[in-house]
Amino acid sequence: MTVGATPAPLVELGGVSVTYDVPRQHAVVEALQSVDLAIARGSFTSLIGPSGCGKSTLLRVVADLMAPTSGQVLIEGQTPACARRARQIGFVFQEPALLEWRSVLENVALPLELQGIGRAKREAEAGRLIDLVGLSGFEAVWPSQLSGGMKQRASIARALSTSPHVMLMDEPFGALDQITRDRMNLELARVFEETGVTVLFVTHSIREAVFLSDNVIVMSPRPGRIVRNIEVELPRPRNLLVRDSQTFGELVRIGARELEQGYDA
Ligand code: ADP
Ligand code: MG
């Protein structure tokens, strides 16, 4: 936790609202309503809330995949479009979306290749990231030969390849079984602690959110609003034993209660 003067947030949302037009139904869907959020550099923030409350929409406006209807987003004081062009944003989706005709190494190196980085340099960097995510020995393997958890490791390595300032993760472990998911949580906590990258992570699991995060942002049902920012002051580096602590149990209970209350708000 920061002591003294608060540094400028890395990502800042001010009054962000998003409305989707659904012309065929002559309707508009209000997905986000006046969201203010400040994300500190080097922090891990989770967004949690019911399906359809606008979590993916929020990530999309930060990633410059769409513009907000009103309000603004700043990343290090610049627009998301600037940050995206400078390859400062990494994105990991629920579906790993690896290219099947490329090896793991070539997949991880792809963003660097698109940036015009030479083969030797990009493969060295991709190799380092493959080590970091625990996939050493699988460099030459095709994606179809990997398990679900291994595919997500490869897509995390790929997202890290351009040294992004912020990594956006949209339910990356939602399709994994519980044991694999626990292991991925542990690996992601380690990768976060080793790289210092700022993470904005979406999940349905309050336990996953508390385990990984410094801040858990609880959202209301649609239109998504922020109902609570829960600070998680559990020590790092984190290991799975932290989940047996009283503090962990208490934070999970608070999160669950806030989610419940959001439904009635
Ligand atoms: P979440 O990720 O929290 O499940 P989303 O951000 O995907 O929520 O969606 C928020 C709301 O906006 C939902 O009601 C969804 O149906 C609606 N929505 C999302 N994308 C579109 C779109 N392209 N057109 C119309 N409505 C959309
Ligand atoms: Mg979503």
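Helix 6 contributes the most to the lining of the largest cavity, with four residues. The model is predicted, so that local features need pLDDT of at least 70 and side-chain atom pairs count only at pLDDT 80 or more, while totals for chains, interfaces and linings use all residues. Residues are numbered from 1 along each chain as its sequence is written, and side-chain values use heavy atoms, with hydrogens and water left out.

One cavity of 30 Å³ or more was counted (a set of points on a 1 Å grid over the protein atoms alone where a 1.4 Å probe fits but cannot get out, with lining residues having an atom within 4 Å of a point). The largest cavity has a volume of about 60 Å³. Its lining consists of Val133, Arg153, Ile156, Met184, Glu187, Leu188 and Val191; two or more of the lining residues come from each of helix 5 and helix 6 (178-195). By class, five lining residues are nonpolar, none is polar and two are charged.

Ile156 is also, with Val210 and Val216, among the residues with the most contacts inside the largest nonpolar core, which has 50 residues (buried residues, under 20% relative accessible area with a 1.4 Å probe and protein chains only, joined through side-chain atoms within 4.5 Å). Helix 5 (residues 148-160) supplies the largest share of this core, six residues. Beyond its neighbours within four places in sequence, Ile156 is in contact (heavy atoms within 4.5 Å) with Val92, Val133, Met167, Met169, Phe173 and Met184. A second, separate core of 28 residues includes Val11, Ala83, Leu200 and Met219.

Notes
Chains are lettered from A and ligands numbered from 1 in the order in which they are written. On a 1 Å grid over the protein atoms alone, a cavity is a set of points where a 1.4 Å probe fits but cannot get out, and a pocket is an open set with protein on both sides within 12 Å along at least five of seven lines; lining residues have an atom within 4 Å of a point. Grid points are joined across faces, edges and corners, and a volume is the space filled by probe spheres set on the points. Ala, Val, Leu, Ile, Met, Phe, Trp, Tyr, Cys and Pro count as nonpolar, Asp, Glu, Lys and Arg as charged, and the others, Gly among them, as polar.
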